[in-house]
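Okay, everyone, thanks for coming.

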Amino acid sequence: MRSRREFLRKITALGAAGAGFTRLGSISANAQTAGGYRALVCVFLFGGNDGGNMVVPLDTARYTQYQRGRGGLALPSTQLGAVTAKAGAESYGIHPQLEPLRQLYLQKRMAVVLNVGTLVRPVTKTDIRNGAPVPDNLYSHSDQTQQWQTSNPRGGRTGWGGRSADLIQSYNTGILPPGISVNGNSLLLLGAQTGGLNVSPGSRLGVDSFGSEEGTQARQAAMAQILTFDSGVTMISTASGVMNTALQAAAEVNAALNSAPPITTVFPQSGLGQQLAQVAQIMAARGSLGMNRQIFFAGMGGFDNHNDLISSQQGLYGALGPAVAAFYNATVELGIADQVTTFTESEFGRTFNVNTGNGSDHAWGSQMMVVGGAVNGGDAYGRLPVLEMEGPDDAGSRGLWIPSTALDQYAATLAQWFGVQPVDLPVVFPNLPNFAAPTLGFL
Amino acid sequence: MRNLTWALTLLAAAHTAFAVTTAPGIELKPGSATVDPDKTLQFAAVLSNAPAAKEIRYFVNSVRGGSATYGTITTAGLYDAPAVQPTAEGKVTVSAELWSTGNGAKKLASDTTVVTIRNTAKLNITPSYKDVGLGASFTFEKEVTGAPATLFVRWYVNNLPNGSAAVGTVTNAGVYKAPMSPPSNMKVTLRADLLAPSSGGSGTGGLAARVLSTDSSTIQLKNTTNLVLEPGNLTLAPGGKQQFTATVAGAPAGYRLRWSVTSIVGGNASVGTITTAGLYTAPASIPSSSPVVKVEVLPPGAVNTVLDTDTTTVAIKYAPLSITSASPGAVAPGAYTLVLRGSGFRSTTTATLDGTAVTPQYVSDSELRIPGNATTAELGSILAFKIANPSPNSSSAYAYLRVRSGGAPLLTSTEAHRLLRQATWGPRPQDLDHLMRVGKTAWLNEQFAMPSSTIPEELLSKSLEYTQEHYLKLALENNDQLRLRVAWTLHKIWVISGFDVESRQFVPYLRILLNRAFGNYFDLMKDVTLSPGMGEYLDMLNNKKGEAGAMPNENYAREINQLFTLGLYRLTPGGAVQTDTLGNQLLTYTQDDVIEFARVFTGWTYNDGKAGAPTQLQYYDKGGPMEAVQRYHDTGEKRLFNGAVLPPNQPAEMDLDAALRNIFEHPNLGPFVGKQLIQQLVTSNPSEAYVGRIAAVFANNGQGVRGDLKAVVRAILLDPEASLAAPNSGKLMEPALFVTSIVRGLKAPVTDTPFLADFTSDMGQRMFYPPSVFSYYSPGFRIAGGAQVAPEFQIYTSVTATARVNFAAQLLSGEFGGNVKVPWSNLSALARNPDMLMDYVNEVFLGSRMSPEMRTAILQAVLASSGDKEKAQTALYLTIASPQFQVER
């Protein structure tokens, strides 16, 4: 509504923290060879993306199953953007609002990963009935959101991105942490050693100054001191740590963003569009920031469509597709299209079965998309479940698909491309050895 | 050459003519001579044709035998020159006459010789240069050579014989006495003349006496007077008196002092007066220019002559205000008289309190009284009076008066502060004072008894941001703080969001929260469940029974259990997760339970605003709780928790009531809700014992009633653990509380509330717009590698932490202009006393718990700041921006 903030926005180089300018995470002992720039960009679809309508099988048998199963939610095949996969053996329709991404698929810059979900180990319906372990609190937003970021079916305290970053942080020479969120605090980026930095679009780092020069200096010095006090109180030391990170990163990030060449690619004005524009800008400054490995966290909400899924998805994908496509174009502009891989996450898929509100409810496995020049695109990985309610792949009665591909495998594929050595993958993903193939080949 | 030869020839001819006579002759030899006084010269008379009887007579200047004056001559022709050259030319005529002797003796011949007597007299006076102080005497020495010492010497000063009073006198003995007053030329000439004796005179000679010799000396007259006037500088108040002293040295005896003020001898009323004894009395009012007190040293009898002078410029100023004491130091609300003692008070002295003029009573220049009336709103505040004298010589000083309730406090400010942070939107000074006086129980009873704030009807049809604005305003200003806080807390548990729900539904929902804040949890559950806001948000609205393969919407069924009432896991009474023997966490419900409850929550639609149940699903909200359309309600049997079964064919209302009751009776409810309320109000990491105590009150309020929120809230706030400040106790202040706590602590009226709501958004909390049903942040969010639960940290990022600090900077630096009226005049006045400022800021914002090291760090920055206001800004900024303020412990 009323914008009341036409204030002078001063960004000060924060002198107070200047003295102790150190890397924001600790430095691992073994320096590694940088080997060029690589970045992962997570686009988290909060609320549980109904992947069942994002990628639809178009072969007659399965499309019929689809129509029957989804009822009022089924999209006409004519509306779907047809693509083929697996050397033409399978055909799929991509949601019409994702046409910009379908184009990338056709250019082999985008891949689809089918029926991905959180798993402890591969399970069948029978296994589950027999008490095989499944992730905690399936179908719960908070728990599954957490697990998709930690890749830990019991919850976990650190993100798989952060744990990967712990292993590759010596690639970077700059002081920023490898993980940067443009969408609030992200567990994905939190490692044991490295934290995440938040640089949301429209917000800014840097502490405002006011008053006299001598007063400003005195306040900066005092604040630097205060942030060292009460370090024995966890919440205070945590808050001080966040503030210190902000202070130290401010000058660095602001200067780098100011010096980086402007990006001419036009991004949509949507929230995700602006987040990804911010990511692109930070990437443009990667050189002056001394960053060779970065992992970004972006996201959009609104996917919890218990009602009126069809119309909601129109809007959601209408925002998602152009934003991700624009971002890909920006990486082309920056000359790093092959060095940036964008991927989706979402806490769960939704019931294949429609509810009486023409929506779908919380479920499990779902489709993911991976975009980038390094992606072995134009193909689909994994397999769709048997689209049959109470069928062999339904964990319940309404089409709560048991994932056929584990989040661990999906994430490990990304992490390995990012720089995690194969031998280290089980360090990042402890359950990975439970699956036959640690990685999926889409990168 | 030819003419000279002719003349010589003529002389020779004449001589030849005498030679031919034979008359007696006499020739005096030498024919001319020069002789020094008192010396002799032998003359010889050469006779020719002289008779035998003859006599030679010698004369000096025709006096036979000569005289003392011109020299004597013996009969033998020995001339004895006088002691002193007799005339200026020194010429005397010595003559010799040849006389015959006997009768008839007659002069036969004569001859003369002119003797020149030289002037050998020499007068020398010493010294030839002398400094002589005015009025002083000095004797010059004279020495005469070449003349008798007895000759008279006449002394002159500047050619005046024996000098004068003006240039100094000199005696015949050469004693010079300098004048008392400096002459126009301080260099005078002393001269002495050696006088020839006057003929026949007394020896003193006349003024016309011939000067044989003269000599002179230069006398440099010196004014040695040194006058020092003390004091040399002076500031006096109008009418003030000052005794001056003049110290004189080197002045002539008998000198006189003359006192004046600004060149007026003795001064006058407008410049001040001064006595001949040097007592100065300043004028009654401040003159246009500073008076100059002057003292002069005058020689005796002088009027115009000033030997020395000294001045002191007297600044006529009112004395600066100085307050040495103010009493009383504290007052209770009501009339008071603040008595100030010190100096410099004037009848025109003014006083202001927080920028508003008050009328002081002038008692004397050392006492001023300020009558006033302290209000209850000022309780806990420090009234800072600025006392000022007007121009000219304006000055100011400050006096402080703490307003406190009477009687002994029941709580420390730390204890009161902690409870207010837990139970309100931030402690104000008056709240601290009040709570300290009445104690926790009485304060809580006041809060429970207070009528509820209301949400005006007009907000139903406006953007939700108006409601957001209104609620912030209530939180900032209204007195039912605890209800507003608990209702806000319930909103964070029973989440709906402005992203999906408009005012028309949000406002009634908010009213439910306010209405049920101290009510029974079951009523809250039912009211919110049936509110169209929740119906819209979590899809119970128009949720139809299963049909044609479609199943009822599970959304509300899942979230009411997971988030609003029971949680995912079975809990112990202390809120710990129960596990089986293998360590597996025991789930509260399964997907099947969700499906069962989803069937319960079917058939509900908007209230159609008509009597009786609607028969169709409604798509327009007419207001009021949702109503059931029975034909859309699933009437099958439903299996609920703990083996409860809803029989088939029950109306929607009965099913709903029974299902909510089924949840309400679930043993998880007390620990689950109790723990969340504790986390929202008190601490993120309550002990199991604490949760257990609260769960017990939830189960039974003491009168056998389950779910009594008033009792639960009371128990939470009065629990001993709520008063602990253990290292892991407390919580991070959420943005809304951060903003309101600052504004309330500052007692800053806000005229533009939405503007503040914009800032909570920057800090990651857009009020009434939680991003999802998981609220603004998750109650399970952990920090420090999972060591501690700290929900609010989920939205504490580098960006939002910076936004908090920058909010403080912008608020305090005045960037919000008149939207937030920080009482700077009072705070700046407090900054005059940095220790007092620090104490006050510490008490209001940190409950007097600032560590010494933090106080030192902040005080250092305060002292380095420029001016009173910036000092206050610095103290507040560093305190508010500190993690110590933001982490409520």
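The peptide bond joining Ser391(B) to Pro392(B) is cis, with omega at about 0°.

Keep in mind that this is a predicted model. So how confident is the predictor in chain B, on average? The mean pLDDT there is 92, and 96% of the residues of chain B reach 70 or more. For chain A the mean is 89, with 91% of its residues at 70 or more.

Now the ends. Over residues 1–14 of chain B, pLDDT stays under 50, and the model gives that stretch zero contacts beyond four places in sequence. Residues 1–34 of chain A also stay under 50, but here the model has 83 contacts beyond four places in sequence.

Next, how chain B is laid out.

On to where the two chains meet. Chain B brings 84 residues to the contact and chain A brings 67. Between them they bury about 6000 Å², and 59% of that is on carbon and sulfur atoms. Which residues of chain B lose the most area to chain A? Those are Ser798(B), Val799(B) and Glu815(B), together 10% of what that side buries.

As for polar links, there are 28 residue pairs in polar contact between chain B and chain A, counting pairs with both residues at pLDDT 80 or more. Helix H17 (residues 798–812) gives the most to chain B's side of the contact, with eight residues. By residue type, that side of chain B divides into 37 nonpolar, 29 polar and 18 charged. The salt bridge count between the chains is two. One of them pairs Glu554(B) with Arg398(A), with the closest N and O atoms 2.4 Å apart.

Most peptide bonds are trans, and most residues other than glycine have a negative phi. Lys29(B) and Pro30(B) are joined by another cis bond, omega about -5°, and Pro30(B) is in the loop between strand E1 (25–29) and strand E2 (32–35) of chain B. Over in chain A, Lys86(A) isn't a glycine, yet its phi is positive, about 55°. You'll find Lys86(A) in the loop between strand E3 (81–85) and strand E4 (90–94).

How values were computed:
Residues are numbered from 1 along each chain as its sequence is written. Chains are lettered from A and ligands numbered from 1 in the order in which they are written. This is a predicted model: local features need pLDDT of at least 70, side-chain atom pairs count only at pLDDT 80 or more; totals for chains, interfaces and linings use all residues. Side-chain values use heavy atoms; hydrogens and water are left out. Contact means heavy atoms within 4.5 Å. Buried area is the accessible area (1.4 Å probe) that two parts lose on being put together, summed over both. A salt bridge is a side-chain nitrogen of Lys or Arg within 4 Å of a carboxyl oxygen of Asp or Glu. A polar contact is a pair of N or O atoms within 3.5 Å; within protein, one must be able to donate a hydrogen and the other to accept it, and residues adjacent in sequence count only if both atoms are side-chain atoms. Helices (H or I, at least four residues) and strands (E, at least two) are DSSP runs, numbered from the N terminus. Ala, Val, Leu, Ile, Met, Phe, Trp, Tyr, Cys and Pro count as nonpolar, Asp, Glu, Lys and Arg as charged, and the others, Gly among them, as polar. pLDDT is the predictor's confidence in each residue, from 0 to 100.
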